[in-house]
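Biologist: Could you take me through the aromatic pairs here, and then through the packing around them? I'd enjoy a close look.

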Amino acid sequence: LFGATLTVEKVAILVFLSSIVNIFWFVPASHLQLIKKDVWAVPQTLWQSIYYAVLITTSYAYSRGDSIIIQKTLGSAALGWYSVAYRYLEGLSMIPTALAQNLFHEAAKEGAVTRQQLLRITALLFGLGFVSMAVVIGLAEFLTVTILGPAYAPATELVRMLAIVSFLFFCNAPLGAVVQSSRLLSAFVPWGIANTALNIALNIVFVPVYGVIAAAYIMIITELIGCAINLWFARKLYQKNTYVVA
């Protein structure tokens, strides 16, 4: 509707307004009276959610820190190549992210997701992730040079590297959902912060020296570390039988 007059500020306002509409869509007027009764529980609920707030902030820093470092050290052209490759990664990650979000509330119920079920879900995501990785690696040149033009040829190798990252996303999603909905969350958060700090530190050190490809390699390394952390906590979770809501 705005057409040529559309600006970033107007987009932000529209997102804000649509979010308000979503709030009232999911919380109909018939439930507002119930919310009023529980208003004194809000501070306690917010305090109990602090770990999730930290995780979301950490996740944002993890996914955007490398782009900021590339922009500051290598310039806009390198950031453009990396951003193109990263968009494909974000697109692929929608599948494991959606599964993790739907699994989260079930995983928060004690005993709702057994060890065998988690293994089957992880195996399924492993297979889907492997297939998607293979497809993207095979189509990397088409997704960059053919679609976007020769100027984006440097992004081809980045797409292949980040396809490996997407595979690790698939493997990590169910493990992360189970761990982060358990009482081990408070113990898990420092490890997530440490892995994000490692990612940013490695980018600061190696991106200016080895270029934008270093950011892709670093993402693979820290995703592997994240997978190891999730596996360790998941194993600990089922061994100790502490699988209850956080």
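Modeller: The structure holds seven aromatic pairs, a pair being two rings of Phe, Tyr or Trp (its six-membered ring) with centres within 6.5 Å; planes under 30 degrees apart count as stacked, over 60 as edge-to-face and the rest as tilted. One of them joins W191 and W232, a tilted pair at 6.1 Å centre to centre with 45° between the planes. This pair links distant parts of the chain, 41 residues apart: W191 sits in helix α9 (residues 185-210) and W232 in helix α10 (residues 212-240). Helices here are DSSP runs (H or I, at least four residues), numbered from the N terminus. This is a predicted model, where local features need pLDDT of at least 70 and side-chain atom pairs pLDDT 80 or more, while totals for chains, interfaces and linings use all residues. Residues are numbered from 1 along each chain as its sequence is written, and side-chain values use heavy atoms, leaving out hydrogens and water.

W191 counts as partly exposed because its relative accessibility is 45%, and W232 is partly exposed with a relative accessible area of 45%; buried means under 20%, exposed over 50%, and partly exposed in between (1.4 Å probe, protein chains only).

Now to the cores, sets of buried Ala, Val, Leu, Ile, Met, Phe, Trp, Tyr and Cys residues joined through side-chain atoms within 4.5 Å. The largest nonpolar core has 31 residues, and I70, Y82, L162 and V165 have the most contacts inside it. Helix α8 gives this core its largest share, ten residues. A second, separate core of 20 residues includes F233, along with A100, A107 and Y238.

Key
Helix = DSSP H or I, 4+ residues; strand = E, 2+ residues; numbered from the N terminus.
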